[in-house]
Amino acid sequence: ISMRRKLPGDAPLSAAGAGHASSASAPSEADLAQLSAAIAAGEDLGPFVRRAFACGRPEPLLASLRGAARRGTAEIEELCRAHFHDFIRAVDDLRSLLADADALKGSLSASHFALLSSAAPLLASLESFLAARSLAGNLSSALASSRRCVRLLALAARANAHLQAGNHGLYLALRAVDAIDRDLASGPEPLPLPTLRRMLLSVVPAVRAHAEREISREFSDWMVSIRAASRHLGQVAIGRSAAARQRQEELRSQHRPLEECITLDDDGV
């Protein structure tokens, strides 16, 4: 206890303790009452002890301390007797709580183990599902790309067949080439085969240039044939007109003697 209560006569007691004076008086009833109050308040008992030993009569102090101890012990015993059953019940409740806590701990451990046992196959299934979905996506993309490549190759084969058929298939070949060009230009993504893409990009202009040359050559030949046919038709028309004039001249020469005879007859009449 750090708090010290200042009592009357502390200085004389200290002086008496220092000089071992024998003139100090024995503790009075007021001092004993004050000691009891200090004990009850939990204050510092050092001055009382020094004063009692300075007087040479510590028995009243010891008796007071023993009485205070007996009273405290009696209060503790009374408190324990009053709350004994509550304490026992609290201990029993605590033990049952500990037992319930152990049971709950065991149940949680079992549930955790069961959860891990159940989750392990689920995690494995989830990983398998994710791997299968990724594989399915890759296969779908590969199939779509393969279908696109097959379609482009079919168009290229069709254009080649039309080109081999001669000039009559140039229009169909150009239509196939236009379809290839549209697919390459409007596709969602480039072809997965760069070699095929480069080949098609080089073939499309070549086919168009070939078709343009063939069409120009065929048009030139057609114009030449038109000129030859026009010349022949002109010659035929000229020949026919000459023959018609010749027939008309022959008819006139045949009808002229008859006309002269008719004229002479008219004059004789």
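This is a predicted model: local features need pLDDT of at least 70, side-chain atom pairs count only at pLDDT 80 or more; totals for chains, interfaces and linings use all residues.
Hi everyone, let's start inside the protein. The largest nonpolar core has 14 residues, and those touching the most other members are Leu152, Val177, Ile180, Leu184, Leu191, Leu196 and Leu200.

Let's look at one core member. Leaving aside residues up to four places away in sequence, Val177 touches Ala159, Val204, Val207 and Arg208. Apart from this core there is another one, made of five residues, including Leu35, Ala38, Ala52 and Leu61. In soluble globular proteins, nonpolar side chains tend to be buried together.

Now the wider view. The protein has seven helices and zero strands. It has 269 residues, and 16% of them count as buried. Among contacts with a separation of 6 or more, 70% are between residues 24 or more positions apart. The accessible surface is about 20,000 Å², and carbon and sulfur atoms hold 63% of that.

There is a nonpolar patch on the surface too. Leu123, Leu126, Phe129 and Leu130 form it, and together they have about 380 Å² of accessible area. Leu130 sits in helix H5.

On to charges. Side chains of opposite charge can pair when their charged atoms come close. How many salt bridges does the count come to? Seven. In one of them, the side chains of Asp183 and Arg148 meet at 2.9 Å, N to O. This pair links distant parts of the chain, with Asp183 in helix H6 and Arg148 in helix H5, 35 residues apart. Are these two buried or exposed? Both Asp183 and Arg148 are buried. They also belong to a network of salt bridges with Arg151.

Another pair is Asp178 and Arg208, whose side chains meet at 2.7 Å, N to O. Here too distant parts of the chain are linked: Asp178 is in helix H6 and Arg208 in helix H7, 30 residues apart. Asp178 is partly exposed at 30% relative accessible area, and Arg208 is partly exposed at 33%.

My last pair is Glu214 and Arg217, which form a salt bridge at 2.6 Å, N to O. They are three residues apart in helix H7, so about one helical turn separates them. Glu214 counts as buried because its relative accessibility is 16%, while Arg217 is partly exposed at 42%.

Notes. Residues are numbered from 1 along each chain as its sequence is written. Side-chain values use heavy atoms; hydrogens and water are left out. A nonpolar core is a set of buried Ala, Val, Leu, Ile, Met, Phe, Trp, Tyr and Cys residues joined through side-chain atoms within 4.5 Å. Buried means under 20% relative accessible area, exposed over 50%, partly exposed in between (1.4 Å probe, protein chains only). Contact means heavy atoms within 4.5 Å. Patches are made of residues with over 30% relative accessible area and no salt bridge: like charges are joined within 9 Å, nonpolar side chains (Val, Leu, Ile, Met, Phe, Trp, Tyr) within 5 Å. Accessible areas come from the Shrake-Rupley method with a 1.4 Å probe; for residues, only the protein chains shown count as cover. A salt bridge is a side-chain nitrogen of Lys or Arg within 4 Å of a carboxyl oxygen of Asp or Glu. Helices (H or I, at least four residues) and strands (E, at least two) are DSSP runs, numbered from the N terminus.
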